[in-house]
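Please find below a colleague's note on the structure under review.

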Amino acid sequence: GHPATQVREVAWLAPLLEGAAEVWFNGDTFEEHGSESAERGRVQYQELLALCDAHGVRPRFLTGNHDPGIAAEGWVEMRSGRVFVSHGDMILAEVAPWKPEFLERRGAVRQLIREFGEVESLERLWRRARLVEAATLPDVEPKMGVGGRGYLWSAFWPPMRPFHILHGWATMFREAERFVERYRPGCEVFLFGHFHRPGVWERGGRIYCNTGAFMRSATPLMVELEGDWMRVRGVHRDRNGNFCPTHALESFRIPS
């Protein structure tokens with residue numbers, strides 16, 4: 001439903017579902033904010049459910065900062081806790097410090113964070129993220145032109161926004177490492193999105209994978225868990241506009 005999504009037609013996702021028994025959508029699956037975007041998002045969400053049903057796939061959803069009402073779960077643990085999956089909005093206390101709304105209200109948001117107090121558990125951290133997200137909702141729906149073509153230009157306003165975006169990208173894996181070391185130190189793999197910067201890194205014997213985004217100026221990845229293996233695949237568009245998995249970019253053995 002977001003004006004800058006690359007997924008103009010939900011049916012374009014069909015090749016990514018083929019052969020799967022269950023698919024986890026790790027947050028920001030559809031846009032709940034803004035009347036026009038939310039209306040499109042709700043329609044396309046129902047289309048996604050129908051598409052999964054047609055392919056015999058069980059869809060599972062995690063919350064993101066754009067769709068906090070989509071589920072009651074902010075994370076999932078697989079393979080006896082070896083694989084930990086979350087949208088990534090809990091990694092930073094400010095959730096999305098590059099948002100124009102955060103930059104305008106940062107004093108009030110940081111006060112909210114201080115007053116919330118300690119976040120000794122993942123459950124409490126998730127609740128704090130929900131409060132921060134509610135405090136940074138846009139007052140008006142952003143206008144990005146036809147097909148979201150103004151999305152890239154929106155990254156340059158307000159003036160400090162590009163700095164915060166670049167800083168988020170540069171420190172993403174360092175902050176992800178701090179996050180899991182505190183809240184899920186036993187995991188071997190951490191899968192997340194949120195930052196729109198796809199990639200796979202190994203740090204301290206743990207695998208970190210950001211799955212990117214289906215947004216203008218971004219690139220998506222997908223992850224498969226099958227048998228004892230986890231494969232990270234690229235996603236490309238075919239001549240008909242469908243999103244299709246590529247060969248495995250990385251493969252790791254994760255015993256079930």
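The points below concern a predicted model.

1. Strand β1 (residues 22–26) is largely enclosed by the rest of the structure, because four of its five residues are buried. Five bridges join β1 to strand β2 (residues 58–62), and the two strands run parallel. Within this pairing, Val23 has Pro59 of β2 as its bridge partner.

2. Helix α2 (residues 35–54) belongs with these two strands: β1, α2 and β2 make a right-handed β-α-β unit.

3. Helix α3 (residues 100–116) has 17 residues and should span 24 Å at 1.5 Å a residue; its end C-alpha atoms are 22 Å apart, which agrees. Gly117 follows α3 and has a positive phi, near 90°.

4. Which residues of α3 are buried? They are Pro100, Glu101, Phe102, Leu103, Val109, Ile113 and Phe116. Among the elements covering the buried residues of α3 are α4 (122–135) and α6 (161–183).

5. Five strands form an open sheet in the order β3-β4-β5-β7-β6, and the pairing is mixed. Strands β3 (75–78) and β6 (199–203) are at the edges, each pairing on one side only. On average, neighbouring strands of this sheet are turned by 15° against each other, direction ignored.

6. Edge strand β6 is joined by five bridges to strand β7 (residues 206–210), and these two run antiparallel. Here Val200 stands opposite Cys209 in β7.

How values were computed: Residues are numbered from 1 along each chain as its sequence is written. This is a predicted model: local features need pLDDT of at least 70, side-chain atom pairs count only at pLDDT 80 or more; totals for chains, interfaces and linings use all residues. Side-chain values use heavy atoms; hydrogens and water are left out. Buried means under 20% relative accessible area, exposed over 50%, partly exposed in between (1.4 Å probe, protein chains only). Two strands pair if DSSP finds at least two bridges between them. A crossover is right-handed if, with the strands pointing away from the viewer, the path from the first strand over the helix to the second runs clockwise. The expected span of a helix is 1.5 Å times one less than its number of residues. Contact means heavy atoms within 4.5 Å. Axes are lines fitted to C-alpha atoms, for helices over the stretch in contact, and angles run from 0 to 180 degrees between N-to-C directions.
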